[in-house]
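Subject: A structure for you to explore

Hi,

Here is the structure I promised to pass on to you. Have a look around it first, and then read on for what I found.

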Amino acid sequence: MSDYMPEEVILKILNRLPVKSLVRFRSVCKSWNTLIFHPCFISAHLQSSLSNNTPFLLLGGLKNGRDYHSLHYDNDGFGKFKQLQLPDFGYTADSPMVGSCNGLICVQLYPFDDYGNLNFLLWNPSIQKHISLPQFGVTESVHLKFGFGFDSRTNDYKLLIVGVDDDGNWIQPYLFSFNENCWRKVTAAFPNYAAIFDEMPMPFVNGALNWLAQKDDDEDSNVILGFDLSAEEFFDINLPESLIRLRYFDLSIMKYGESSIAVSTHAPDAELHELWVMKEYAVVESWTKLLTLHRIDRHALVPRVLGFRKNGEVLLRVDKGKMASLDSNCQQMEASLDLNCQLMELHGVEVGAVLLSVDNYVESLVLLDKAVDHPRDSSDSE
């Protein structure tokens, strides 16, 4: 590889470089191009990025009636890294994000085609590559929810579809395997719960997708449903007692840290909002109330929890296009519109208030040797 430097040293250097540099260095020589394209190097670089690189936050919302995504540095400055421009396939309606994992973003493309098919895209904006998944046929009388994640046992990216018909009965769940490039039925028995079909992504943690559901009992008790992407089995997790009988649409589930989940309340008419975190995934006894937001003015907007930063701070939506960071060590906060509150650090974000979401993101080379080029847009240079 070089007459002046051992190959293992070059490997270590390349493994620590940012994605943009590696894509450019493919043209240095054939051996570097072959190395950077190799699946083993792509995997090793991903692990290095997860451990060492500056973390990013992926922000999503609606701007001018269309979905908008941008990357921001998860540091003190919270500076914008770049705006993400979806590949243009002629879809004029919204294209919501299903989820992100290892630098890949899974997007559902709207609208349905003339035959009622669902269209999905796996997209790596860091290397301007994407791949379209095989279409999935549905009828109009179903309500669906999607989840995207990674099966570390088989090194495979998977997309889950669950749903109910108009009568609330579960339909057959399906799973897409990137390695197999096909949809197949989930053979595991699914629990007798009423799934909640909101428009928020399923958090992917600890190898499993998670979403809210209700037990099919007299009290309609809330519960968390999970789907293990390796075992391809469903399971459930009980919620804290104070959340079990709340209205399900007043709850949100999100990722907490690298390996667990959190649930927040956001009822518009409630006097207080709570944030509960599961310190140890799937261990019910580890539920801990992290934060209570009190309403001091019945007309005040209570901030809504969006997610967490790498340093543990809680991210809140406080106004249209604005977020705030809150030190999670503060046990209680009075909700008000006073944005100079010392507990909060305000961040202006160029997104609207509708379905504003936050997710962790890491740049990677995943899809480098598999996808087609994504046409460059002038906004990519931001």
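What share of the contacts in the protein with a separation of 6 or more comes from residues 24 or more positions apart? The figure is 49%. Please keep in mind as you read that this is a predicted model.

First, the overall picture. The protein has four helices and 28 strands. It contains 382 residues, and 51% of them count as buried. Its accessible surface is about 18,600 Å², with carbon and sulfur atoms contributing 48% of that.

Next, the inside. In soluble globular proteins, nonpolar side chains tend to be buried together. Here, the largest nonpolar core has 54 residues, and the members that touch the most others are Phe120, Phe148, Tyr157, Leu159, Trp211 and Leu365. There is also a second, separate core, made of 16 residues, among them Ala208, Leu239, Ile253 and Tyr281.

Methionine 5 sits in the segment before helix 1. Its relative accessibility is 35%, so methionine 5 counts as partly exposed.

Finally, two backbone details. Most residues other than glycine have a negative phi. Asparagine 155 is not a glycine, yet its phi is positive, at about 55°. You can find asparagine 155 in the loop that links strand 9 (142-151) and strand 10 (156-165). Leucine 367 also has a positive phi, near 85°. Leucine 367 is in the loop between strand 27 (357-361) and strand 28 (372-373). Is leucine 367 buried or exposed? With a relative accessible area of 3%, leucine 367 is buried, because the cut-off for buried is under 20%.

Enjoy exploring, and write back with any questions!

Best wishes

Technical notes:
Residues numbered from 1 in each chain as written. Predicted model: local features only at pLDDT ≥ 70, side-chain atom pairs only at ≥ 80, totals over all residues. Heavy atoms only, no water. Helix = DSSP H or I, 4+ residues; strand = E, 2+ residues; numbered from the N terminus. Buried < 20%, exposed > 50% of the residue type's maximum accessible area, 1.4 Å probe, protein only. Contact = heavy atoms within 4.5 Å. Areas by Shrake-Rupley, 256 points an atom, 1.4 Å probe, with all protein chains shown as cover. Core = buried A, V, L, I, M, F, W, Y, C linked by side-chain atoms within 4.5 Å.
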